[in-house]
Amino acid sequence: MSLRRFATPPAPAPAPGTVPSAAAPPGEAAGEVCELCADPLGDRHGHLVDREDRRIMCACRPCSLLFAPDKGQRLRMIPERYRHDPGFALTEEDWIFPVRTAFFFRNSALGRMVALYPSPAGATESELPLDALERIMAAGPAAAHLEPDVEALLVDRESGAYLVPIDACYRLVGLVRLHWKGFDGGTEARDRIDAFFAGLRERADE
């Protein structure tokens, strides 16, 4: 298995991992502005993905809507769709990650699915064998409906699989980087990860 660091986009929140509810849109610092038009941002606003450099940008609602329809544009609006599949199950053979969570999305710039997992060093890419990746994606029916670049299948071995906006995955990465201690992460990190997934389940029920 080949592992390498994957460039982690800057988190939309001013300090990764400090958002009280990890499943909710991140709060913004007072006076923060849209990265496209420089208008002031409110607590709830849109986010965009730069498909080429994987950077996540904050955008006011009018600007973010400009990038919703055309999938060929460099910038894509991140949707706010959350789904939970508690019955998602994998064999130990297919789960080769050293942690309990991993996420999968289609990177259109690379033309393939990408598998990553949160680590104290950031988001780490795992080059899964194609057959293992296909089994993982087939085990989660929601994966068939993922929007490229902007949505991911986020798998938690303890609570199932989630279809989430891609920025939710990077909030989890930021949380792990900020709170992980020692070999097993420590009680605080585990509690925060559990709270993160509880927040996702609440969002999925909306």
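Cys37 is partly exposed, with a relative accessible area of 33%, where buried means under 20% relative accessible area, exposed means over 50%, and partly exposed lies in between (1.4 Å probe, protein chains only). The model is predicted, so that local features need pLDDT of at least 70 and side-chain atom pairs count only at pLDDT 80 or more, while totals for chains, interfaces and linings use all residues. Residues are numbered from 1 along each chain as its sequence is written, and side-chain values use heavy atoms, with hydrogens and water left out.

A disulfide is a covalent bond between the sulfur atoms of two cysteines. Here a disulfide is counted when a pair of cysteine sulfur atoms lies within 2.5 Å, and a search of the whole structure finds zero of them. Cys37 is in no disulfide, and its nearest cysteine sulfur, which belongs to Cys60, is 3.7 Å away. Cys60 is likewise in no disulfide, the nearest cysteine sulfur being that of Cys63 at 3.5 Å, and with 10% relative accessibility Cys60 counts as buried.

The backbone also deserves attention. Most residues other than glycine have a negative phi. Ala38, however, has a positive phi of about 70° although it is not a glycine, and Arg54, also a residue other than glycine, has a positive phi near 60°. Ala38 lies in the loop between strand 1 (3-5) and strand 2 (46-50), whereas Arg54 is found in the loop between strand 2 and strand 3 (56-59); strands (E, at least two residues) are DSSP runs numbered from the N terminus. With 48% relative accessibility Ala38 counts as partly exposed, while Arg54, at 6%, counts as buried.

The last topic is the aromatic rings. Rings of Phe, Tyr and Trp (its six-membered ring) pair if their centres lie within 6.5 Å, and planes under 30 degrees apart count as stacked, over 60 as edge-to-face and the rest as tilted. By this rule there are six aromatic pairs, including the two in the table.

| Pair | Centre distance | Plane angle | Type |
|---|---|---|---|
| Trp95 and Phe97 | 4.7 Å | 65° | edge-to-face |
| Phe196 and Phe197 | 5.3 Å | 90° | edge-to-face |

Both Trp95 and Phe97 are buried, and both Phe196 and Phe197 are buried as well.

Key: Helix = DSSP H or I, 4+ residues; strand = E, 2+ residues; numbered from the N terminus.
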